[in-house]
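Reader: I have a protein model open and want to learn how to read it. Can we go through it in short steps?

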Amino acid sequence: METAAEQIPLESFLFVWAILFSLGIFGVLSRRNAVQILMCVELMLNAVAINFVAFSTYTDPELFRGLVFGIFVMIIAAAEVGLAL
């Protein structure tokens, strides 16, 4: 059975990461509402989490470093929204 790293090329993950991160930056720079800016920051953090997980899966699938970083990014994002709102 093939792993996810063999089925989906890394370039696909990087393309999704670039789109999400670019939309987040555009939203942060163009919005005036604080809630919308926080949503765009969340979008950027999720893009970074996707990047961590993708590179972790492709470099060494046996280790879970990227997944742990992704979970930390989610925890930080939840704390940020909880404090800001």
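Reader: What pattern does the protein follow, read along the sequence?
Author: Keep in mind that this is a predicted model. The protein has 4 helices and 0 strands. Read along the sequence, the pattern is α-α-α-α.

Reader: What does the C-alpha trace span along its principal axes?
Author: The protein has 85 residues, and 19% of them count as buried. Along the principal axes, the C-alpha trace spans about 50 × 25 × 15 Å.

Reader: Among contacts between residues at least 6 apart in sequence, what percentage join residues at least 24 apart?
Author: Start from the contacts between residues at least 6 apart in sequence. Then keep those that join residues at least 24 apart. The share is 58%.

Reader: What is the distance between the end C-alpha atoms of helix 3?
Author: Helix 3 covers residues 34-59. It has 26 residues, and at 1.5 Å a residue these should span 38 Å. The model agrees, with end C-alpha atoms apart by 38 Å.

Reader: Are helix 3 and helix 4 roughly parallel or antiparallel to each other?
Author: Their axes come within 7 Å and cross at roughly 170°. Angles over 145 degrees count as roughly antiparallel. Helix 3 and helix 4 are therefore roughly antiparallel.

Reader: Which residues of helix 4 make the contact with helix 3?
Author: By class, this contact has 12 nonpolar, 3 polar and 3 charged residues. Helix 3 brings Leu38, Val41, Glu42, Leu45, Ala49, Phe52, Val53 and Ser56. Helix 4 brings Arg65, Gly66, Leu67, Phe69, Gly70, Val73, Ala77, Glu80, Val81 and Ala84.

Reader: Which residues of helix 4 are buried?
Author: What covers the buried residues of helix 4 includes helix 3. Seen down the axis of helix 4, the buried residues fall within an arc of 55°, so they line one face. They are Gly66, Gly70, Val73 and Ala77.

Reader: What does the cover of the buried residues of helix 3 include?
Author: The buried residues of helix 3 are Leu38, Cys40, Glu42, Met44, Ala47, Ala49, Asn51, Ala54 and Ser56. Their cover includes helix 2 and helix 4.

Reader: Is serine 56 buried or exposed?
Author: Serine 56 is found in helix 3. Leaving aside neighbours within four places in sequence, it is in contact with Pro61, Leu63, Phe64, Arg65, Gly66 and Leu67. Buried means under 20% relative accessible area. At 12%, serine 56 is buried.

Reader: Which residues does asparagine 51 touch, not counting those up to four places away in sequence?
Author: Asparagine 51 is found in helix 3. It is buried, with a relative accessible area of 17%. Beyond four places in sequence, it touches Leu14 and Trp17.

Reader: Which helix do the buried residues of helix 2 pack against?
Author: The buried residues of helix 2 are Leu10, Gly24 and Gly27. Seen down the axis of helix 2, they fall within an arc of 130°, so they line one face. The face turned away carries the exposed residues Glu11, Phe15, Phe26 and Leu29. The buried residues pack against helix 3.

Reader: How far does helix 2 reach from its first C-alpha to its last?
Author: Helix 2 covers residues 10-30, which makes 21 residues. At 1.5 Å a residue, 30 Å is expected. The reach is close to that, at 30 Å.

Reader: What is the relative accessible area of glycine 27?
Author: Glycine 27 is found in helix 2. It is buried. Its relative accessible area is 3%.

Reader: Which class does isoleucine 25 count as?
Author: Isoleucine 25 lies in helix 2. Its relative accessibility is 35%.

Key
Residues numbered from 1 in each chain as written. Predicted model: local features only at pLDDT ≥ 70, side-chain atom pairs only at ≥ 80, totals over all residues. Heavy atoms only, no water. Axes fitted to C-alpha atoms, helices over the stretch in contact; angles between N-to-C directions. Helix = DSSP H or I, 4+ residues; strand = E, 2+ residues; numbered from the N terminus. Parallel < 35°, antiparallel > 145°, perpendicular 65-115°, else oblique. Contact = heavy atoms within 4.5 Å. Nonpolar A, V, L, I, M, F, W, Y, C, P; charged D, E, K, R; others polar. Expected span 1.5 Å × (residues − 1). Buried < 20%, exposed > 50% of the residue type's maximum accessible area, 1.4 Å probe, protein only. Arc of directions from axis to C-beta.
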